[in-house]
Each structure stands twice: as C-alpha cells, then as structure tokens.
Amino acid sequence: MSAADAPVLAGIHHLKLPVTDLARSLEWYRSRLGYQVQIEFVEQGTLMGYALAHPAGGPDLALRLDQERARAAAGFDYFAIGVADKAAMELLARRLDELGQAHAGVHRASMGWILPEVLDPDGHTLRFYTMEHHTDVAPGEVRTIRDPRETAERLEREEAGHA
C-alpha cells in the first residue's frame, strides 16, 4: 500500500488497561502521573471503569475493572507514554523517586531516552519514551537495530566516558 492509499488516522484516541481494583489504580495514576477522572462508567449499578484525562498532554487512559485480564496482562509493556525530552524524563524519574516508586532510571534507547520498568498496582509495565530523538530515521528508510539493549548500554557508557 502506498502512502497515498493509506487510510487517514489521527493518533491514539486512548489506552485502556484492565485492573483488579479501580480505586487503587485510580489513586496510583493520579498520584504518580497526574491523571484526572473525566468519565465514570457504571453498568447495572456497578462502577466498572474510568476515563482519565491528563492535564499536561499525556494520552487519555481508561481503567476497566477486569481482574482476569489484569492478571494476564501483568508484566508486559503494551505501550510507551511519550515524554517531551530527556530533561522532562529526568524530572519524571525524580518525581517517581520522591513517591517511592521503583523504576529502572533514565537510559539511552534506540531512538531517544527511556524510563522503563515502572509497575502499576496490577504489575502492568509502563515505559516512558522521549519524543525527542538522538537518532532519526528518514521517511521510507528501514533501520535495523541489532541487540538494542546492549547497543544502547554500550553507547551510554561511551558517552559517559567522553563527558
């Protein structure tokens, strides 16, 4: 399919996560990332979910009460949330540190910088990735990145040695 034939898409509308405890997950996403409730979903008298909005440009997020799926999704990183640049990523890491939230720190990744291994209360693995890139891929170009973690770690060590 050519670019001219591709359907017009407008980005991510929202992300939806299954959770085992709505109140606990809501508090986590509020306190760690600043999300705010926009809509409550009540089905047959039971609160089943929230639609959350982010006041500073983060993607909309839905939390859906579904214990079985929440347990099955634990440990996998389904998406990465964009952060403007490395400086903003470092601020986020410090905020998480202040809240006692474990993470793997800010590191060089294949295209930009990453803050991985942030676990929500259900064990969903969140990753934050900078929209600012240190490596660009031209339109139509396919770049092959071999051993991405090892390559990024090597480049990070080399940069630190030159500092």
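**Exercise 1.** In β4, which residue is the bridge partner of G49?

*Solution.* The model is predicted. Start with the strands involved: β3 covers residues 46–53 and β4 covers residues 61–65. These two strands pair in the antiparallel sense, over four bridges. Within β4, the residue bridged to G49 is R64.

**Exercise 2.** Find the order of the strands in the open sheet, and state which are the edge strands.

*Solution.* Strands of a sheet pair through backbone hydrogen bonds, either parallel or antiparallel. Here four strands form an open sheet, and the order is β1-β4-β3-β2. The pairing is mixed. β1 (15–19) and β2 (36–43) each pair on one side only, and they are the edge strands. On average, neighbouring strands of this sheet are turned by 20 degrees against each other, with direction ignored.

**Exercise 3.** Which strands does α1 lie across, and at about what angle does α1 run to β3?

*Solution.* The strands are β1, β2, β3 and β4. Relative to β3, helix α1 runs at about 10 degrees.

**Exercise 4.** Describe how α1 and α3 cross, then list the residues that meet.

*Solution.* Take the axes of α1 (residues 22–33) and α3 (residues 86–98): they come within 9 Å and cross at roughly 125 degrees. Next, the residues: from α1, R30, S31, R32 and L33 meet L92, R95 and L96 of α3. Sorted by type, the residues of this contact are three nonpolar, one polar and three charged.

Note on methods:
Residues are numbered from 1 along each chain as its sequence is written. This is a predicted model: local features need pLDDT of at least 70, side-chain atom pairs count only at pLDDT 80 or more; totals for chains, interfaces and linings use all residues. Side-chain values use heavy atoms; hydrogens and water are left out. Axes are lines fitted to C-alpha atoms, for helices over the stretch in contact, and angles run from 0 to 180 degrees between N-to-C directions. Contact means heavy atoms within 4.5 Å. Ala, Val, Leu, Ile, Met, Phe, Trp, Tyr, Cys and Pro count as nonpolar, Asp, Glu, Lys and Arg as charged, and the others, Gly among them, as polar. Two strands pair if DSSP finds at least two bridges between them.
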